[in-house]
Amino acid sequence: MSRDLSYNAVMARRGEIMKKALGIEYDEFIQSEIAFDYEGMMEKAGYSLDKVRQIQQQTGVGNTPLLELKNITRLVRKTSKKGYGASILVKDEAANPSGSFKDRRASVSVYHAKKLGYPGVLAATSGNYGAAVASQANMMNLGCIIVQEVFDSRHLGQPEIIEKSRKCEAYGAEVVQLTVGPELFYSALIMLEETGYFNASLYSPFGISGVETLGYELVEQVRARYGKDPAYIVVTHAGGGNVTGTARGALKAGAVNSNIIGASVDLSGLHMASDIDFNKKSFTTGHTGFGVPFATWPDRTDVPKNAARPLRYLDRYVTVTQGEVFYVTEALAHVEGLERGPAGNTSLAAAIPLARQLPEDEIVVVQETEYTGAGKHPQAQLDFARRNGVKVIRGEPKQNVPGKVIAIPENFSQLDITEMDLERMRRSYIRNAVTRNNVTEVTQEELGFLAEDAKASPAFVASVLEGLGVKV
Ligand SMILES: Cc1ncc(COP(=O)(O)O)c(C=O)c1O
């Protein structure tokens with residue numbers, strides 16, 4: 001019998017297709033419309049930290065160097081009040097096989113697919129994750145399909161996304177390039193159904209447990225070298241897996257006092273699903289266009305329950321501007337001799353003003369770098385921005401207007417952060433949890449789940465619910 005490939009029919013089969021392609025019985029963990037057993041899911045459906053380390057060792061993932069940015073730290077101290085300016089260290093994740101921390105995420109999914117006998121893996125992503133899955137699939141002798149949103153309706157592609165397509169193709173993956181729109185998920189579903197491949201979702205417990213080793217390793221390395229824990233761990237934040245996995249790993253290492261600080265490029269005002277805005281941005285990940293919606297409603301993904309739940313772990317969330325990240329990208333190359341890509345440099349841009357807030361003997365860890373390539377380079381991005389009508393100037397960070405002006409700082413002391421209102425985001429998450437599930441009453445257990453998931457007190461959750469007219 002031939003399959004009905006109409007949009008509605010395929011979407012109606014999505015639960016069934018996904019179940020076959022991932023092999024996780026989410027029903028086992030779902031307790032109600034609102035609550036589910038998160039830790040139970042992570043434990044039962046994922047892998048232990050020791051097992052993940054073993055898996056990653058086999059494909060050369062992890063154990064990346066922790067570098068002290070001595071010259072940048074010196075500049076931080078020069079621009080701080082006396083006695084201030086913590087040491088900045090960076091975990092050089094570009095040393096992973098495909099050049100980013102996404103190898104950690106991909107390695108566990110691909111290992112699992114191989115173990116279960118799937119013929120190949122599929123990932124729907126326009127990011128570094130595609131290259132990571134393709135690279136790991138080659139190591140495990142599995143087929144690989146990467147589905148990417150690449151072009152706007154003029155068939156113009158952002159240089160960084162084109163770079164990421166190129167990289168996936170270099171690994172020999174079958175790359176399916178699409179224009180912006182809802183067809184990404186639909187196309188992925190059809191291909192999963194047709195090929196019987198494993199869905200290497202970014203948001204499964206496999207992927208997130210893969211990132212835990214990053215948090216764990218960095219705490220071990222800092223302790224071994226400095227005899228203390230980092231005060232701040234700064235994490236570039238988009239879909240939330242980076243924050244979640246790193247924080248879980250750091251906690252497993254016992255670093256309970258290290259603050260987890262998410263950092264994103266401020267792209268407020270630009271709409272990620274908009275054909276026009278798509279090519280008005282110079283950053284394709286690590287920005288607020290993903291960071292805010294994913295933190296305030298994680299279950300917007302291809303899996304029933306997202307294992308990436310950043311609000312559970314964030315102590316602070318800060319933003320930087322596009323111009324600041326370009327400036328820091330050059331500074332890292334010129335001052336430290338490290339030419340690295342945009343996503344890691346986002347948390348580095350935030351780490352500089354954050355380090356100024358701490359005494360000299362404290363430690364700030366930027367938890368990743370990523371590889372750079374022609375399409376990721378500031379020159380390619382700034383040329384593209386200009387061609388798309390964006391003004392590029394030198395000036396104060398506050399002159400940046402996403403999609404209109406990129407202001408590159410004139411000196412190091414101008415680098416700054418904007419603090420996001422996490423309490424507001426927690427409110428927004430609670431509102432999403434009840435409105436998206438059409439709930440008018442919650443039980444004490446559900447209230448407890450919301451408090452945990454939003455890292456808020458039960459009293460705070462109760463007051464938000466009351467404001468929404470939801471009975472407890
Ligand atoms: C190199 C790099 N850093 C950080 C991120 C952000 O990770 P997450 O989406 O899990 O927040 C990404 C995701 O695209 C990435 O590729």
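Mentor: Happy to; we can go from the overall fold to single residues, keeping in mind that this is a predicted model.

Trainee: Great. How many helices and strands does the protein have?
Mentor: The secondary structure comes to 18 helices and 13 strands. With a radius of gyration of 21 Å, close to the 23 Å that the globule rule gives for 472 residues, the protein is as compact as a globular protein of that length.

Trainee: And what box do the C-alpha atoms fill?
Mentor: Roughly 70 × 50 × 45 Å, taken along the principal axes. Inside, buried residues make up 54% of the 472 residues. If you take the contacts with a separation of 6 or more, 76% of them are between residues 24 or more positions apart.

Trainee: Which domains is the protein divided into?
Mentor: Domain 1 covers 7-55 + 100-202, domain 2 covers 58-99 + 206-419, and domain 3 covers 423-467.

Trainee: How many residues of domain 1 are in contact with domain 3?
Mentor: Four residues of domain 1 are in contact with eight residues of domain 3. On the domain 1 side, those residues divide into two nonpolar, one polar and one charged. The C-alpha centres of domain 1 and domain 3 lie 30 Å apart.

Trainee: Let's switch to the strands. What is the order in the open sheet of seven?
Mentor: The order is β1-β2-β10-β7-β8-β9-β13, with mixed pairing. β1 (66-68) and β13 (418-419) each have a single partner strand, so one side of each is left without a neighbour in the sheet.

Trainee: How do β1 and β2 run, parallel or antiparallel?
Mentor: They run antiparallel and are joined by three bridges. Leucine 66 stands opposite lysine 91 in β2 there.

Trainee: And what about β2 with β10, parallel or antiparallel?
Mentor: That pair is parallel, over four bridges. Here isoleucine 88 stands opposite valine 364 in β10. Strand β7 (residues 232-236) also runs parallel to β10, through three bridges, and valine 234 stands opposite valine 366.

Trainee: So are the residues of β10 buried or exposed?
Mentor: Strand β10 (residues 363-366) is covered on both faces. Ile363 and Val365 are buried on one side, and Val364 and Val366 are buried on the other.

Trainee: Which residues touch the most other members of the largest nonpolar core?
Mentor: Ile88, Val121, Val133, Ile146, Val234, Ala351 and Val364 do, out of 128 residues in that core. Helix α10 (residues 205-226) gives the most to this core, with eight residues.

Trainee: Ile88 keeps coming up. What does isoleucine 88 touch?
Mentor: Leaving out residues up to four places away in sequence, isoleucine 88 touches Leu69, Ile72, Thr73, Val76, Ala351, Ala355, Val364 and Val366.

Trainee: One more spot: where does threonine 79 lie?
Mentor: Threonine 79 is in the loop between α5 (70-78) and β2 (87-91).

Trainee: Which residues is threonine 79 in contact with, apart from its sequence neighbours?
Mentor: Setting aside those within four places, threonine 79 is in contact with Arg356, Phe412 and Ser413. The C-alpha atoms of threonine 79 and isoleucine 352 are separated by 9.9 Å, though these residues are 273 residues apart along the chain.

Key
Residues are numbered from 1 along each chain as its sequence is written. This is a predicted model: local features need pLDDT of at least 70, side-chain atom pairs count only at pLDDT 80 or more; totals for chains, interfaces and linings use all residues. A nonpolar core is a set of buried Ala, Val, Leu, Ile, Met, Phe, Trp, Tyr and Cys residues joined through C-beta atoms within 7 Å. A residue is buried if 20 or more other C-beta atoms lie within 10 Å of its own, exposed if 12 or fewer, and partly exposed in between; C-beta atoms are placed from the backbone. Helices (H or I, at least four residues) and strands (E, at least two) are DSSP runs, numbered from the N terminus. Two residues are in contact if their C-beta atoms, placed from the backbone, lie within 7 Å. Domain bounds come from an automatic or database domain assignment. Ala, Val, Leu, Ile, Met, Phe, Trp, Tyr, Cys and Pro count as nonpolar, Asp, Glu, Lys and Arg as charged, and the others, Gly among them, as polar. Two strands pair if DSSP finds at least two bridges between them. The radius of gyration is taken over C-alpha atoms; the globule rule is 2.2 Å times the number of residues to the power 0.38.
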